[in-house]
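Welcome, and please open your viewer so that we can walk through this model together. Each stop gives you something to select and tells you what is there.

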Amino acid sequence: MANVLQTSFLPSTSSLRRRSISGSKGKSQSLQVKAKIREIFMPALSSTMTEGKIVSWMKSEGDKLSKGESVVVVESDKADMDVESFHEGFLAAIMVEEGGVAPVGSAIALLAETEDEIAEAKAKSQSSSNSTPQVVEEKPKQIEEAAPDVPAAAAAPSVPVAKAVTLGSAVHPASEGGKRIVASPYAKKLAKELKVDLGTVVGSGPLGRIVAKDVEAAAVAVPVAASPAKPDPVAPGIELGTVVPFTTMQGAVSRNMVESLSVPTFRVGYTITTNALDALYKKIKSKGVTMTALLAKATALALVQHPVVNSCCRDGNSFTYNSSINIAVAVAIDGGLITPVLQDADKVDIYTLSRKWKELVDKARAKQLQPHEYNTGTFTLSNLGMFGVDRFDAILPPGTGAIMAVGASQPSVVASMDGRIGMKNQMQVNVTADHRVIYGADLAAFLQTLAKIVEDPKDLTF
Amino acid sequence: MHSTLSFSRATTVPTTNYAFHSQSPINLRFCGLRREAFGISILTRSSSGRVRLSTRGRSKRISASTGNNGTPPKSFDYDLIIIGAGVGGHGAALHAVEKGLKTAIIEGDVVGGTCVNRGCVPSKALLAVSGRMRELQSEHHMKALGLQVSAAGYDRQGVAGHANNLASKIRSNLTNSMKALGVDILTGFGTIVGPQKVKYGKVGFTDNVVTAKDIIIATGSVPFVPKGIEVDGKTVITSDHALKLEFVPDWIAIVGSGYIGLEFSDVYTALGSEVTFIEALDQLMPGFDPEISKLAQRVLINPRKIDYHTGVFATKITPARDGKPVIIELTDAKTKEHKDTLEVDAALIATGRAPFTNGLGLENINVVTQRGFVPVDERMRVIDANGNLVPHLYCIGDANGKMMLAHAASAQGISVVEQVTGRDHVLNHLSVPAACFTHPEISMVGLTEPQAREKAVKEGFEISVAKTSFKANTKALAENEGEGLAKLIYRPDNGEILGVHIFGLHAADLIHEASNAIALGTRIQDIKFAVHAHPTLSEVLDELFKSAKVKAPASTSSPISEPVAA
């Protein structure tokens, strides 16, 4: 029977939020067959009452009850009332905690006839409610399985995954190596409500304290776990007709995108011939050099000559000229995107840069990027060329001055200056920039420099 | 002429009352005071069935006029000098002028005292903001009313400015009201140099000495900071600092869950902070009626971003420095063992208030303070080290510790003025209401249920409890604020109101019907005929009185049943 009960409640375990007790009606009927364990129902205290709130339990689990004794105080739409037990026995299991709300007629507790049956009743209540120890036990496992699926937070500096503890990046200094959990009051409350074990959450608050958003992220991570755990994974897990809340990363992206609306941006496009670059790429590909690294390098070298394009506007009143040229490159990952950063791309040689890039991508996929590896970019590259996209424009990430959208390099018929027609590989780039600091002429000059570098790429390899 | 009259009456006081007071000068519980407070009731209607302590034990005579500390002057500069221009001193001064006394008030700091400058007044400004923020942030609440509000935000500086402006406005109101009435405001710290003689002056200036027939000490209190706690005014603060709202921490620990702590938790959580309460007693809100505090916890604590540690002392609090957060050591209140360490962004010390009586020169007249409080009898007359009354010297408000509330101080001051102008008067502290301005508010007057039960057993009478819910009140439901409870503790035999406790919308304004009834000795069987406008929140109390089951019939000469006009 327990099995039957469990299966009927499986759907609700996917959501860790406490579901209302409405679903427990089915169970109540099946339980009534066993007369030894009775249920205490949410009574109808007035004709208009549809649900009641448990004000307080006057008895605790294991207490003996005599017939007519008050067990619980229920708050209805009219008043608080004591609810008496109709039978004698032991209060075996409380199914709705103090402060919880239950519809009229649903079970709020189980009453066992003898002390021996308390355990049995408890097991029943657990298998039917979400607050089961079994679920809690399963959870760490689920989280581990889930880890690859959990998106690494783009803006939140830490990754709320069980594994992340080993990163050691955000362990609270006062937590005495994880023995003590430092969590804010609301984080603790949320953890209780969402049934998240704080021991598995890494804090992103001050000094590594666990704050509410860490718990929320961890809670979101768990249901994600449920789908790959299924034997036959359904497509990429999108259920049509549903509303799926953002993950932490998607939330961060959303915030950043909205924030970007406060920046006055404009766009300048340029068509660059890539035959020379393609030839160079072919030549050094075997040495592990990637196109992304080449583009980043070319961009960085162009930025050296146009520091204003590498600047940003922090306060609306000044230019912030960045001391290093850090090229962030947007990478799509499951459920979002992240921008690993190639630091000092102008100074690092192309081979090292390529190795670094590979390393960053691997880390991004494993959700192990450290904050400085994804949020220190001064100029962003976004490349959709591999999908055959020939042109697009990008939204400027807040805190930077410019982003360049790179389209596919395609063979085109080109009329050249000397009056001849020929085939050339060309790609279109389109830069979005913050007009408070970067003006049209700046971008134009920068693009001209970039085009020169790409069209004569000998400097890229030193 | 007046003086002779009041003097002879004032010098006879039952010894038993002394003993009682010296035992527990800071006892803020109302029950202890009740006996004497009612004892010398001036209300003839309420005298039946009450213990009249005053009528017995008039044993001890105090020869006060032969004081040892110098000779009192023959003629006086003033009839009354009040040391301290807080709400207590202000109330006393206004009443003294009304009674025709030549009055001066000495203030060493700013007019208005704690309440106006660092207490009730600026905190109400912050709470007005928090109440609105809370409402605007409650999507559920807004939706239920059919309102749509986009994200509510606040400007910290603006909020702090509102609190500051309010304080200065009320301060100038107080100053002007005293000046207009002809009260002399003497600037400087007042010190008693001998009987009926006070010197005052600013540091570095020559002192002035003034004489007065009667002197009232109304120097108030300062935040009490237990030892081991280092207040830096930035991350470890008292209410004095918190009211300036210099920053809103992400996580603030509040030490003490009384009125001050609760009100600040309301402010901070509405402004986005998370709060951890540290309470030495086993339950939160220890001063309140248990049923009210339980309900209040369900509404004010549990659903908010607040957690708590009870039964622990914060034995050591170190302010944030060198990149470290505020560190709080918690020690078990019973076992005295280290229990936990908290690391938070800020800590607010709300562990009560300590009397501000240093430098008052009490040694010049042989008065020894008890933990800083000036010992007084039930008429606020100061008691010296030998247990004798000090003639012409009174102490009101926080400095005597009887009931540390601004309006109690004022009431005590008025009572003293009544006495020195020839009418014996004893303030019934059980009729003094108290309120906590959380959202919703909490208010009370008289005894809590456990206190009433204890008294009932001791004195052999029965008590009953009546309750009404705000959920049944039309106005509360219209406001969509049905959460709340009013509770009446009374004697079913004679209809006497022992205590009323309210938790709900505008509870602080609703309590006065009950406190006035207690002050005037109105019984339930009479007050239940009073009419309340419909629909108003006051009907919560109307219903409360009507639901009480009193055996005694309504008085035949009830003032309410006799129309004055028409």
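**Stop one: where the chains meet**

Between chain B and chain A there are two salt bridges (a side-chain nitrogen of Lys or Arg within 4 Å of a carboxyl oxygen of Asp or Glu). Select Asp345(B) and Arg209(A): their side chains form a salt bridge, 2.8 Å from N to O.

A word on the model: it is predicted, with local features needing pLDDT of at least 70 and side-chain atom pairs pLDDT 80 or more, while totals for chains, interfaces and linings use all residues. Residues are numbered from 1 along each chain as its sequence is written, chains are lettered from A and ligands numbered from 1 in the order in which they are written, and side-chain values use heavy atoms, leaving out hydrogens and water.

Now show the whole contact (heavy atoms within 4.5 Å): 24 residues come from chain B and 21 residues from chain A.

**Stop two: a site from the record**

Next, select Ala406(B) and His407(B), which are among the residues that an unreviewed UniProt entry lists for "binding site"; positions follow the numbering used here, feature names are shortened, and annotations may be inferred rather than shown by experiment.

What does Ala406(B) touch, not counting residues up to four places away in sequence? Look for Val87(B), Cys115(B) and Cys120(B).

Finish at His407(B), which, leaving aside neighbours within four places in sequence, is in contact with Val432(B), Pro433(B) and Ala434(B).
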